[in-house]
Structure formats: C-alpha cells, structure tokens
Amino acid sequence: MQHHSILYSELIAKEFSFASVRRRLAKEPFDRGNSRQNQTRTRVSMEKGGLDSAGREFKNAEEMWREQVGEDQSKKTEWYRQGVGYWEGVEASANGVLGGYGHVNEPDIMGSEAFLNTLLAERFPDAANSQRHLVVLDCGSGIGRVTKNLLIRYFNEVDLLEPVSHFLETARESLAPENHMASDMHKATNFLCVPLQEFTPEAGRYDIIWVQWCIGHLTDDDFVSFFKRAKVGLKPGGLFVLKENIARTGFVLDTEDRSITRSDLYFKELFCQCGLHIYKSKDQKGLPEELFAVKMYALTTDLPKKVHRTKSKVQANRPGVIK
C-alpha cells in the first residue's frame, strides 16, 4: 500500500488554514524531560483539532477516532476493509501507487538514499566491507518500488510486507532474479501478504524495518501495538525508519482511502507511547509544493546517549559565591 494520501491537495488547506498542509513542520516543542509535564502535554496537545477530506472539522483526534472506529471491533474491521479495498482498485504501477505523481519517485528515492547512507555509516559500519549480513523489512511495500530502487542495493535480503495482493504479485515478478539486476548477494526473500495491524516479525531478523507511506492507515492504538510487536524483529542496534506525510498541525483524515496524516508533534507523542526514541530525522526535499510535507524518522529502542559537558578549567577553578 505504497502511499496513503501522499497527494492530498492544498486546496482544502487554503479553505481551512488552521490545518494547512503547506510544506511546513509543526512548531510545537516536545520535551521528554519531565514525565509529569509530558503526560499533561500529551493530553493537551491531543486536543488539537483536525479535519477530513470533505472539510469537516473535528475538535480533537479522540472525537475523530470515536466516530471512525468507536469501541466496536466490527467498525474497526470495516475501517481496514475499506482502506485495502481502495488500493485494490488502483493500478499496480509507480504512477498508480503514487496517486498519479509517478515523477515523485526519483526525488523520494534520492532523499531516502541520503538518509539511509548516513544511518548505515553510523550504525552499521561493518557492513561496508561485507562483515555484516544486512536484512530489511519493507512495510507497505506496494509494488516493490522502494525495494527495487533502493533497499535491495544496500541489503543482502529484503522481506516485503503488503496487504494488497495484486501489488505484492507485481513486486514478486519485478524482483524475480531474471527480471532484476541485483547480484546474488542481494535478493528479495519473503513476500508477506499481511496487514500491518496483524503482523508480528520473526525475532531478531532485521537490521532496519522500513515503514513508508502506510502507517497512516493504522489507528493510534494499532500504531502503538504494531511498533511494540515489531521491536522483537530488530537485531541488537537495529532501527525503524518511518517516512511519512506531515500535517502542519493536528491531523487530516482521508475518508476515501481511510487514512490519517498526523503532525510532527502527533507522531512524537505516539513514538513516546511506543517506547521509541528519535535517533535522527530529516525533511524530504524536492517534492511538488502542493503536496504534504514529508519527513523521515530513524527510531531506536535505546535511550539517547546523554552528552556530558565538563566545566572548563578556568570556570572550575573560580571561587564559589558566598551567600
């Protein structure tokens, strides 16, 4: 399901400026320093409003989710059925999965490759001389666009996870050895036709779990439960890479494909609930101005290392102030 609403028009944003989808990041600060303050801030910031693709306003995310999925499991099942149903009617091509913006593929891959190169150099330096067998999971892989153009060139094995069967079959054909130029040391291994909300990875298999333009189909509860389950699939030192559309503030609900575009702050609150920490993040450049902003997050289960600053000798030798 290679993209959810990547191509949301700015026309709605011009009419509803409070949830503008102009290419800007949310500006609200996010401080994990004080857990009590953090809990309060999460509760308050989740009160931020949003709107849907028809222009309807919601007071907060809770109101929206209560209406969309409620407490009834059958209603949530219908949410996911409609989401997959939308993509089952889309052509299995780059232009199809990118909503008619096939030319976005090149800048998207270039931005992802630069980000990935930084992560590999910093986190997996032993892979450069083939001392590490790198394995990646491509979540929401669609037709294998990201795998074919990027991941298979850097990883020895790629597993593809995709709930839309005709997308996955196209990926399987495209990535077959006779149709792909990758070497014997780089291959697509497993093709898994399973939705994110039902998937649990093999323990300790992946160096990176790549999640691009698909997490918006998950409700908040399933977002958190997915990442908590998926942690077991990471090798020691492994990372999640999440690449997603970013709403300027609050959220935007797409009622056609059943997905939600979250703000940077919204994502950070969910990361906190998942027990994940941002190792590095970067804005995607070079996309058409009418599209949502896109951001890449590298997420780790490890606590960020604290920087210990020592006082200079001059300052350390100064006499204390007598009070």
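**Exercise 1.** Find which ring has R262 over its face, and do likewise for K280.

*Solution.* Start with the criterion: a charge sits over a ring if NZ of Lys or CZ of Arg is within 6 Å of the ring centre and within 35 degrees of the ring normal. R262 lies over the face of Y266, 5.5 Å from the ring centre. Next, K280 is placed over the face of Y279, at 5.5 Å from the ring centre.

A word on the model: it is predicted, with local features needing pLDDT of at least 70 and side-chain atom pairs counting only at pLDDT 80 or more, while totals for chains, interfaces and linings use all residues. Residues are numbered from 1 along each chain as its sequence is written, and side-chain values use heavy atoms, leaving out hydrogens and water.

**Exercise 2.** Classify the ring pair F58 and F251, then locate both residues.

*Solution.* Rings of Phe, Tyr and Trp (its six-membered ring) pair if their centres lie within 6.5 Å; planes under 30 degrees apart are stacked, over 60 edge-to-face, and the rest tilted. The structure has 12 aromatic pairs. For F58 and F251, the centres are 6.2 Å apart and the planes at 40°, so this pair is tilted. It links distant parts of the chain, 193 residues apart: F58 is in strand β2 (residues 57-58) and F251 in strand β8 (residues 251-254). Strands are DSSP E runs of at least two residues, and helices are H or I runs of at least four, numbered from the N terminus. Finally, F58 and F251 are both buried (under 20% relative accessible area, 1.4 Å probe, protein chains only).

Terms used:
Buried < 20%, exposed > 50% of the residue type's maximum accessible area, 1.4 Å probe, protein only.
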